[in-house]
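User: I'd like to go through some helix and strand labels with you. Could you show me the structure before we start?

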Amino acid sequence: MADPKPKLVIVYGTGTNNTKAVAEGIESGARDEGVDTVVLNVADISKEEIVAEITGAQGVAIGSPTYNRKPVPAIVTLVDMLQDVNMEGKVCATFGAYGHSGEAPKTLKRVLKPCNMEQMEVLRILGKPAGPTLDECRKYGAEIAGNMLEK
Ligand SMILES: Cc1cc2nc3c(=O)[nH]c(=O)nc-3n(C[C@H](O)[C@H](O)[C@H](O)COP(=O)(O)O)c2cc1C
């Protein structure tokens with residue numbers, strides 16, 4: 001039997017669904033490259049279930065918009081929980097929609113650094129992705145998948 005496809009978990013928080021649209025663009029690009037994807041809104045299922053999904057995956061993309069220069073609290077809680085599990089060697093991406101300063105993806109990347117994952121550059125999208133910026137999301141998803149498939 002062929003090896004199972006590597007799995008990418010894409011988890012995001014959002015206030016007005018712009019980061020959701022970024023997540024969906026990332027998913028589309030990653031799936032086209034041939035990895036399995038799971039997209040989760042942090043508000044929809046328990047953080048314990050999300051941690052379990054991530055533990056069983058080869059890649060994780062974590063997204064948050066920037067509100068008052070910070071990631072949303074539910075995503076901050078999730079990344080804090082990830083400090084307590086073995087994340088070593090996974091491909092890790094951080095992303096988010098923003099309006100003017102866009103600190104959240106960089107903050108998440110910094111907080112996740114001690115997890116010893118293969119961290120990618122952040123993806124920041126101004127407002128709701130569409131046209132060229134939606135293409136950017138898909139391309140980013142393809143890059144994540146490419147890094148996972150190389151391992
Ligand atoms: C109360 C409020 C505070 C915000 N603070 C910031 C901020 O500090 N930096 C920034 O870049 N954008 C800020 N924004 C803009 C949002 O990040 C932007 O609208 C983003 O696209 C929202 O993404 P979402 O739809 O995923 O929630 C703020 C928006 C609101 C309503």
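This is a predicted model: local features need pLDDT of at least 70, side-chain atom pairs count only at pLDDT 80 or more; totals for chains, interfaces and linings use all residues.

User: Why is α3 called roughly parallel to α4?

Analyst: The axes of helix α3 (residues 73-82) and helix α4 (residues 104-112) come within 10 Å and cross at roughly 20 degrees. Angles under 35 degrees count as roughly parallel, over 145 as roughly antiparallel, 65 to 115 as roughly perpendicular and the rest as oblique. So α3 is roughly parallel to α4.

User: Which residues of α3 and α4 meet there?

Analyst: On the α3 side you have Ile75, Val79 and Leu82, and they meet Leu108, Val111 and Leu112 in α4. Being in contact takes C-beta atoms, placed from the backbone, that lie within 7 Å. By class, that contact of α3 with α4 has six nonpolar, no polar and no charged residues. Ala, Val, Leu, Ile, Met, Phe, Trp, Tyr, Cys and Pro count as nonpolar, Asp, Glu, Lys and Arg as charged, and the others, Gly among them, as polar.

User: What makes α2 and α3 oblique to each other?

Analyst: The axes of helix α2 (residues 47-55) and α3 come within 10 Å and cross at roughly 50 degrees. Therefore α2 and α3 end up oblique to each other. Lys47, Ile50, Val51 and Ile54 of α2 make the contact with Thr77, Leu78, Met81 and Leu82 of α3. By class, that's six nonpolar, one polar and one charged residues.

User: And how do α1 and α5 pack?

Analyst: α1 and helix α5 (residues 132-150) pack at an angle of about 50 degrees, with their axes 6 Å apart. So α1 and α5 are oblique to each other. Their contact residues divide into nine nonpolar, four polar and four charged.

User: How do you know that β1 and β2 pair?

Analyst: Two strands pair if DSSP finds at least two bridges between them. Strand β1 (residues 7-12) and strand β2 (residues 36-41) have six bridges, in the parallel sense, so they pass the cut-off for pairing. Val9 stands opposite Val38 in β2.

User: What do β1, helix α1 and β2 make together?

Analyst: With helix α1 (residues 18-32), β1 and β2 make a right-handed β-α-β unit. A crossover is right-handed if, with the strands pointing away from the viewer, the path from the first strand over the helix to the second runs clockwise.

How values were computed
Residues are numbered from 1 along each chain as its sequence is written. Axes are lines fitted to C-alpha atoms, for helices over the stretch in contact, and angles run from 0 to 180 degrees between N-to-C directions. Helices (H or I, at least four residues) and strands (E, at least two) are DSSP runs, numbered from the N terminus. Two residues are in contact if their C-beta atoms, placed from the backbone, lie within 7 Å.
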